[in-house]
Amino acid sequence: MKDGSTYSSKVFHVTFMTLAVSLIIPLLREIVLLDCPIDPQPISFKEPPVLADALEPNFKLWQAERLLENELVGPESIANIGDVLFTGTADRKILKTEDGEVQILAKLGNGPCRTREDKPTCGRPLVWSELRTSKPRSPIPNAYYGLFEINPISGQVKRLVSTEIPIEGQKMSLVNDLTLTRDGRKISFTDSSSKRQRRDYSFLIMEGTDDGRLLEYDTVTKEVKVLMVGLRFPNGVQLSPAEDFVLVAETTLARIRMYYVSGLMKGGADMFVENMPGFPDNIRLSSSGGYWVAMSAIRPNPGFSMMDFLSERPWIEIIICKLLSQETVIG
């Protein structure tokens, strides 16, 4: 009985291994032959800061009042004039809300806006700069169409910079955030990539390519110049209170850079903060003299950061993008 049992066990193991190999080898062959939509660059991170003391997680945002819940489609950022709020949404609308009532102020793009394929023509108004009652117009970026200005009262819209026109030899593919000087003349804004559009932002993050730029538009001369190049997913941007430098969030690298726009350091760049506890998105001034920074994802420590792990292993990112749709990756 013992010999028979041993023989059966060997037969089972051989059969199992044969089946496993017969399945794995074709699967590996298919993975190798599949096209990969990205060419990720390896990025090494330092160990994230420990989430303790000032960085200790809390639940304060759970106590926030929810406004117009389930009534807006993907609001990006907000600005206000008193109690009147303004925002741009994923269905190309610029909305004005007052006393709980929502009004369509303008539409930036062309419908329909239902599918991923619709997005480049639909358009995507992103973030508002600070609104000023002394200025009749406010600039607003559209990820696919370029830089616009809008009258927050009448809703009249005018395009300032088009993504169809190359800036110093490169077209803009993902116009993102902006900030402007107090007199409204200079607008600093980010183009997150010259290669990928907003609908492919997950691939852009996974690739880690340095094709993003910081640009400046002069509303008087109508000229655009490039301030910084070689940025990895430049995202939020904010002018300092003294207007001597501009902060730029490099989302992919979990850091914030600074570019000097005036003073002795004009034209130079420096590091503002690096190895952040998360991946920075928008930046805004706080009333205390500092800055609010929204995080698109956290780098838990203690814990496991999937983004840190994948960034150092581009071969895994390639397999993921070969086997999974972008919608699944985002989800």
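One definition to begin: buried means under 20% relative accessible area, exposed means over 50%, and partly exposed lies in between, with a 1.4 Å probe and protein chains only. This is a predicted model, so local features need pLDDT of at least 70 and side-chain atom pairs count only at pLDDT 80 or more, while totals for chains, interfaces and linings use all residues. Residues are numbered from 1 along each chain as its sequence is written, and side-chain values use heavy atoms, with hydrogens and water left out.

Now the salt bridges, meaning a side-chain nitrogen of Lys or Arg within 4 Å of a carboxyl oxygen of Asp or Glu. The count is 19. Glu-69 pairs with Arg-66, with the closest N and O atoms 3.5 Å apart. Glu-69 is partly exposed at 46% relative accessibility, and Arg-66 is exposed at 64%. Lys-171 and Glu-164 meet at 3.7 Å, N to O; Lys-171 is partly exposed at 42% and Glu-164 is exposed at 55%.

Glu-243 and Arg-182 form another salt bridge, with N and O 3.7 Å apart. That pair links distant parts of the chain: Glu-243 is in the loop between β12 (234-239) and β13 (245-250), Arg-182 is in the loop between β8 (175-180) and β9 (186-191), and the two are 61 residues apart.

Next, the secondary structure. Helices (H or I, at least four residues) and strands (E, at least two) are DSSP runs, numbered from the N terminus. The protein has six helices and 17 strands. Strands pair if DSSP finds at least two bridges between them. β6 and β7 pair over five bridges, and Phe-148 stands opposite Arg-159 in β7.

Which residues have the most contacts inside the largest nonpolar core? A nonpolar core is a set of buried Ala, Val, Leu, Ile, Met, Phe, Trp, Tyr and Cys residues joined through side-chain atoms within 4.5 Å. The largest has 19 residues, and those with the most contacts inside it are Ile-94, Leu-105, Trp-128, Ile-140 and Ile-150. β2 (84-88), β4 (101-107) and β6 (146-150) each give two or more residues to this core. Another core lies apart from it, with 13 residues, including Leu-147 and Phe-189.

Finally, buried residues make up 43% of the 331 residues in the protein.
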